[in-house]
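These are my notebook entries on one structure.

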Amino acid sequence: MFPGRFDYAAAASVEEAVACLEAHAGADVKVLAGGQSLIPLMRLRFARPDYLVDINRVEALRFLRLEAGGLRIGALTREAELKADPAVRRAFPILHDATRVIADPVVRNLATVGGNLAHGDPANDHPAVMVALEASILARGSGGERGIPAAEFFLDLFATALEPTEILTEIRVPDQPPGSGAAYVKFERQAGDFAIAAAAARVTVTGGAVTGARLVYTNVGSTPVRVERAEEIVTGRPLTERDARAAGVAAAQALDLADDLRGPAAYKRRVVVAVTERALRLAHARATGKPAA
């Protein structure tokens, strides 16, 4: 199928993109970055915007910088660029875990990190990872720039905290606490598919005991879902296989899973247990510098 009719503007700067959004306030306006989610929806006419603002010419949004304090990711950074950067992989291996399982090489060469987040799809891989890492998402509008904690950015299915006249400009991932490790484990029907379920885990280990943990899940609700009860199970003691499994069971029980084309709820619960165990073991190994059990 072909998209419906729409007006189009190619912005050369962030300011021009914001001005375009403001000029068409009240209309159905979409921002085009990589287009790997938006264009298929438009072709199927699930999305029928009146106006499309293309930001691919905004060079100021293309950057990937490791600095004192953490990692800065420009909104137009391609998934393939994030995946391929060796310094980022050393500092934040969880980001490599996520980018390498996003779709296929063709999509990763075009899709952007900012677009992945702004789309607000709970089946996308970056949202849970950014919540686990306590990242901030920067948005720019006519009133200036503001930072939004990733945990507060995703409001509902395909709904985010971005205002209609704002664009996502940058993602900031802070340095993790000393003794921390993080991992993302995804279970899918076939390579490149959306997850049946996936887990982003971060643990901090001090004196052999887990002193902090975050567990956030992909494609188990209308937003990425953090399960604090599962985190509590592994906190305050050395991580054991038994505790990792118990955390997975607790997460599976806490999540509101439903039957769908990816499988019955009972099957998804088993998947949640498995990805939790694996993500925790890998995150712990990265935190301690030991091989994963």
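Is glutamate 134 buried, partly exposed or exposed? I read it as partly exposed, because its relative accessibility is 41% (buried is under 20% relative accessible area, exposed over 50%, partly exposed in between, with a 1.4 Å probe and protein chains only).

I note that this is a predicted model, in which local features need pLDDT of at least 70, side-chain atom pairs count only at pLDDT 80 or more, and totals for chains, interfaces and linings use all residues. Residues are numbered from 1 along each chain as its sequence is written, and side-chain values use heavy atoms, with hydrogens and water left out.

I placed glutamate 134 in the loop between helix 8 (126-132) and strand 6 (136-141); helices (H or I, at least four residues) and strands (E, at least two) are DSSP runs, numbered from the N terminus. Its phi is near 60°, a positive value in a residue other than glycine. Most residues other than glycine have a negative phi.

I found asparagine 219 in the loop between strand 13 (209-218) and strand 14 (225-226). Its phi is positive too, near 65°.

I then turned to the helix pair. The axes of helix 11 (residues 241-254) and helix 12 (residues 265-288) come within 8 Å and cross at roughly 140°. The two helices are therefore oblique to each other (under 35 degrees is roughly parallel, over 145 roughly antiparallel, 65 to 115 roughly perpendicular, the rest oblique).

I listed the contacts (heavy atoms within 4.5 Å): among them are Ala244 and Val249 in helix 11, and Val272 and Leu280 in helix 12. By class, this contact has eight nonpolar, two polar and four charged residues.

Note on methods. Axes fitted to C-alpha atoms, helices over the stretch in contact; angles between N-to-C directions. Nonpolar A, V, L, I, M, F, W, Y, C, P; charged D, E, K, R; others polar.
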